[in-house]
Amino acid sequence: MLDRANGILKSIFGFAQFRPSQEKIIEQILQGNDALVLMPTGGGKSLCYQIPALLREGTGIVVSPLIALMQDQVDTLKELGVKAAFLNSSLEFSEARIIEQQLLDNQLDILYVAPERLLTERMLQLLDQSTLSLFAIDEAHCVSQWGHDFRPEYQQLKHLHTRYPSIPRIALTATADQRTRDEIILQLQLQEANIFIDSFDRPNIHYAISDGNNPKQRLWKFIQENHADNAGIIYCLSRKKVEAIAEWLEEQGRTALPYHAGLSAEIRQINQQRFLREEAVIIVATIAFGMGIDKPDVRFVAHLSLPKSIEAYYQETGRAGRDGQAANAWMAYGLQDVITLRQFSQDSSADEIHKRVEHHKLEAMLGLCELVTCRRYALLEYFDEISNESCGNCDNCLNPPQKWDATKSAQMALSCVYRTEQRFGVNYIVDILLGKTNERIQRNSHDQLSTFGIGQEISTAEWRVIMRQLIAIGFLEIDMERHGALRLTENCRPLLRGEQSLELRKVEKQEKSISGKKVKHAVRPQDSTLWESLRSLRLSLAEESGVPPYVIFHDATLQEMLKRRPVSQNDMSRISGVGDQKLSRFGQKFLNEIARHPLPELLDNNLSDTVNETLILFQQGEDVEKIVSKRELKHATIYAHLSEAIEVGLLDVKEVLDLDEREYDEIVFAIESLEDEEQGRLKQVYEALEESYDYGILRCVQASI
Ligand SMILES: [Zn+2]
């Protein structure tokens, strides 16, 4: 059976091998057992039910909460030649009837159904009369009433087990704290299921969280420097801010579309489609956007406000880089976010227990923001996963934050809160510390306090940061019932008594210019023309079929074509992501495009990008002087690039240097007459030749020997 699974993986999906846990999960389902799968976004969850559904007799029923996801997945499967369909409220009655009949006639491999529809008596009766291969419950965390994606109808899915006890069930989610996991098992009655937990690490995502002034400008800088022609998602807390940011980005020349619950369903649908089908579109959204977005090439997710919990942060940032290529998760936050979120949770109609849970989740999120150690470590630890201490791919690892001794300042702030009887908010406290007076302060006689004006050496902005950090580490609490008044907590006693010192993270005045991580261009300079033409071929094929470009081929597949430059159908079939159906439909078109852009011998190398940029110019007939001025680099650098090509035999030294036989021999002689221990030291050669040749020339000759 597993051999057949491997066969399908290659012939339909075009992949040579399974990822580590996929095979085991598929085996369980093929044996008729239940499974609970916890796998990060982009980990290849859907194959875990798609392949068993193709191998087992009957139709696999996939429960999925979002209509947009179904459309996308069904399109993708159809392009692969799989008989797939969906049933949801977007269909006309007559369309739905046709699909229902196909189900009854056992003509479908996979059928996606919305949960509320699945549980209707009509649908259940249909299922009674059909041959079923499995039930897949996607986004299974929707069953959890503690999560932010709670869908009450998910809890009814347990009836599937009672009604169809012999049909294997597989529940899948990319959210995996212990509480959610336990609830899924309980609510879906999966006590017998085998549980598969993959690592939740997304090593291709670079995490960065920063605070400070002017988040909008910093966002722009981040996007410009790292993602000038990439697609991304920006999350904001309010609809108003969503609209404003989208408009502003449009003014800056980007395609940026708003998405929030206040827009009509039609506009939301249009904006989402454009995001999926066009290239380099930015969606600015409230959290209403994203679940079920399958777009694999989202290169960045930015937060302009604080997510409500670490789960939400993980899930939202997880929408970046599903294709496994480098991506950025960037966030800017401030004190106001904390206050607004507290306000939300206070005003919500939830009961006390819920509020307390929400409060703790927000505390944990704040903790992640204020962290001075590896973000990834903390993130994974939150999901009970212990990783290596330093990931080397987050802001704190790459740029360890500075700390400062904040003992005295913190004492000032805390005692000021205490002396004003814990009745006031951040702004009022900061005014007193700075010795600013106003009518309210005078009325309360707070200009008479001993703490009045004791903090003038620190600026307003810095005081706000200190206050936020004191809140984040739990020394101060915000009392929402008393309009955001600050209250001391038990934790701050030792500090106030002088028994403890306090170090806080120094806030960078000017943010370092690399706040994201340059998403390394996966395309070599010599491949960029072919890359562009493969992309535009893909786009036109996508438009013909009315699907997003990534449904035709993922970026990674196109990149492999660049690297391997297939010349035959047989070569093409070995490219990852090219299955039988796609090979026969698109293979030749892509082969033709590749043949139109042959790679010159000189540029067929593994040298670095910058060397190749020099070589491209050299190939075009430019001399060293011209290359120096075009690339704005030093002579020595350009010669060093050329010498690399000489060393690997791609260039002949005489093509590069204007030397006659005698000069060449003279240099070779000087190099070769060095003593062993001096070998490679050009300075000696330079001096021996009485400084008559540049180092660059010497380097090239040396490379040729
Ligand atoms: Zn790290």
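The buried residues of helix 27 are Lys582, Gly587, Phe590 and Ile594. Here, buried means that 20 or more other C-beta atoms lie within 10 Å of a residue's own; exposed means 12 or fewer, partly exposed is in between, and C-beta atoms are placed from the backbone. This is a predicted model: local features need pLDDT of at least 70, side-chain atom pairs count only at pLDDT 80 or more, and totals for chains, interfaces and linings use all residues. Residues are numbered from 1 along each chain as its sequence is written.

**Whole chain**

- The chain has 34 helices and 17 strands. Both are DSSP runs numbered from the N terminus: helices are H or I with at least four residues, strands are E with at least two.
- Its C-alpha atoms fill a box of roughly 90 × 85 × 45 Å, taken along the principal axes.
- Of the 705 residues in the chain, 42% are buried.
- Take the contacts in the chain with a separation of 6 or more: 72% of them join residues 24 or more positions apart. Two residues are in contact if their C-beta atoms, placed from the backbone, lie within 7 Å.

**Helix 27**

- Helix 27 covers residues 580–596, which is 17 residues.
- At 1.5 Å a residue, helix 27 should span 24 Å, and its end C-alpha atoms are 24 Å apart, which agrees. The expected span is 1.5 Å times one less than the number of residues.
- Helix 27 bends by about 55° at phenylalanine 586. The bend is the angle between axes fitted to the seven residues ending there and the seven starting there.
- Its buried residues pack against helix 23 (528–545), helix 25 (555–564) and helix 26 (569–573).

**Helices 14 and 15**

- The axes of helix 14 (residues 335–347) and helix 15 (residues 352–370) come within 10 Å and cross at roughly 165°. That makes the two helices roughly antiparallel.
- Axes are lines fitted to C-alpha atoms, for helices over the stretch in contact, and angles run from 0 to 180 degrees between N-to-C directions. Angles over 145 degrees count as roughly antiparallel, under 35 as roughly parallel, 65 to 115 as roughly perpendicular and the rest as oblique.
- On the helix 14 side, Val338, Leu341 and Ser345 take part; they meet Lys355, Glu358, His359, Leu362 and Leu366 in helix 15.

**Two buried residues**

- Valine 417 sits in helix 18 (residues 407–419). It is buried, with 26 other C-beta atoms within 10 Å.
- Beyond residues up to four places away in sequence, valine 417 touches Gln422, Ile429, Leu476, Leu486 and Leu488.
- Valine 417 and asparagine 388 are 29 residues apart in sequence, and their C-alpha atoms are 40 Å apart in space.
- Alanine 645 lies in helix 30 (residues 635–647). It counts as buried, with 24 C-beta neighbours inside 10 Å.
- Leaving aside neighbours within four places in sequence, alanine 645 contacts Leu602, Leu607, Leu615, Leu650 and Leu651.
- Alanine 645 and isoleucine 697 are 52 residues apart along the chain, with 14 Å between their C-alpha atoms.

**Two positive phi values**

- Most residues other than glycine have a negative phi.
- Glutamate 421 has a positive phi, near 65°. It is found in the loop between helix 18 and helix 19 (426–434). With 10 C-beta neighbours inside 10 Å, glutamate 421 counts as exposed.
- Glutamate 691 also has a positive phi, near 60°. Its place is the loop between helix 33 (682–688) and helix 34 (695–704). Glutamate 691 is exposed, with 9 other C-beta atoms within 10 Å.
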